[in-house]
Amino acid sequence: MILVARKQETLEVAAAALRARGGAAHVIAAHVGKMEDIRRLVTTLDERGLEVDILVNNAGISPPHVESLADTTEALWDKVMDVNLKGPFFLSGVIGKKMVARGRGSIINISTTSALMAQPEIGAYCVSKAGLNMVTRAFAREFGPHGVRVNAISCGVIKTAMGDHTLNDPQRYADMMKINPLKRAGLPEEVARAVLFFASDASSYSTGTIFQVDGGVLS
Ligand SMILES: NC(=O)c1ccc[n+]([C@@H]2O[C@H](COP(=O)([O-])OP(=O)(O)OC[C@H]3O[C@@H](n4cnc5c(N)ncnc54)[C@H](OP(=O)(O)O)[C@@H]3O)[C@@H](O)[C@H]2O)c1
């Protein structure tokens, strides 16, 4: 497994945990919202002779809430779009083309219910992930004939550092649970199981799918 994020030390901890379980783990620190980092990432993969069969575009940021969507600054907009949309788009392109050349591969984009359900206080986030859903569909059409599948997992609130923002706000959490038939937040492993499905041949006839792991929020 090739682990990519900005913080080398966090990556090393995750890699050590994987190796302790007998897995092979490579670490490459990169900011996926920066084109120079994406280019360096791809060069490093080539130099190390590493091929990517499954690309999971998981890195994402949720911005601080704004009072009004119209208050979104250009700096905030650019930051959110760079990480949540530009990074997955260019990574899918450059790594996806290598998959196409080998005639196989799976790209999995981690999206959100907020891509389909507008929340003005995090509007830039919603727009970025709505874009990611279309990146999913567009690459699915282009790469499908070449054996490369592209799917997205649309998460509801999940217990992670990002999810804590909602989980630690009682009013916001209560509001979210009103529209959640399962009446609880999801767990990272529940998203991971969906990732495994799209990474494996169990999903061999699925591409361009936006798959909900959201407790039924969009039902
Ligand atoms: N948690 C939720 O409730 C929820 C709901 C819907 C969708 N999602 C989506 O799920 C995905 C994972 O989120 P999470 O909840 O696990 O968030 P998280 O706890 O904040 O983790 C984000 C991860 O992305 C990495 N990352 C952030 N910015 C990056 C950058 N510029 N370049 C490379 N890596 C970067 C972080 O590592 P570094 O800090 O070391 O870079 C970290 O590993 C995101 O795409 C998010 O939008 C989450």
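**Helix packing, sheet and ligand shell**

In helix 2, Met 35, Ile 38 and Val 42 meet Gly 87, Phe 90, Leu 91 and Val 94 of helix 3. Sorted by class, this contact of helix 2 with helix 3 comprises six nonpolar residues, one polar residue and no charged residues. The model in which these contacts are found is a predicted one. Two packed helices are described by the angle between their axes and by the distance between those axes. For helix 2 (residues 35–47) and helix 3 (residues 74–102), the packing angle is about 30 degrees and the axes lie 11 Å apart. Because angles under 35 degrees count as roughly parallel, helix 2 is described as roughly parallel to helix 3. The crossing of helix 2 and helix 3 is right-handed.

The model also contains an open sheet of four strands, which are arranged in the order 3-4-5-6 and pair in the parallel sense. Strand 3 (54–57) and strand 6 (210–213) stand at the edges of the sheet, and each has a single partner strand, so that one side of each is left without a neighbour in the sheet. From one strand to the next, the twist averages 20 degrees. The parallel pairing of strand 3 with strand 4 (residues 105–112) extends over four bridges, and Ile 54 has Ser 106 in strand 4 as its bridge partner.

Around the ligand there are 21 residues, of which Arg 6, Gly 60, Thr 160, Met 162 and Gly 163 come nearest. When the shell around the ligand is divided by class, eleven residues are nonpolar, eight are polar and two are charged.

How values were computed
Residues are numbered from 1 along each chain as its sequence is written. This is a predicted model: local features need pLDDT of at least 70, side-chain atom pairs count only at pLDDT 80 or more; totals for chains, interfaces and linings use all residues. Two strands pair if DSSP finds at least two bridges between them. Helices (H or I, at least four residues) and strands (E, at least two) are DSSP runs, numbered from the N terminus. Axes are lines fitted to C-alpha atoms, for helices over the stretch in contact, and angles run from 0 to 180 degrees between N-to-C directions. A residue is near a molecule or strand if its C-beta atom, placed from the backbone, lies within 6 Å of it. Ala, Val, Leu, Ile, Met, Phe, Trp, Tyr, Cys and Pro count as nonpolar, Asp, Glu, Lys and Arg as charged, and the others, Gly among them, as polar. Angles under 35 degrees count as roughly parallel, over 145 as roughly antiparallel, 65 to 115 as roughly perpendicular and the rest as oblique. A crossing is left-handed if the near helix is turned anticlockwise from the far one by less than a right angle, and right-handed if clockwise. Two residues are in contact if their C-beta atoms, placed from the backbone, lie within 7 Å.
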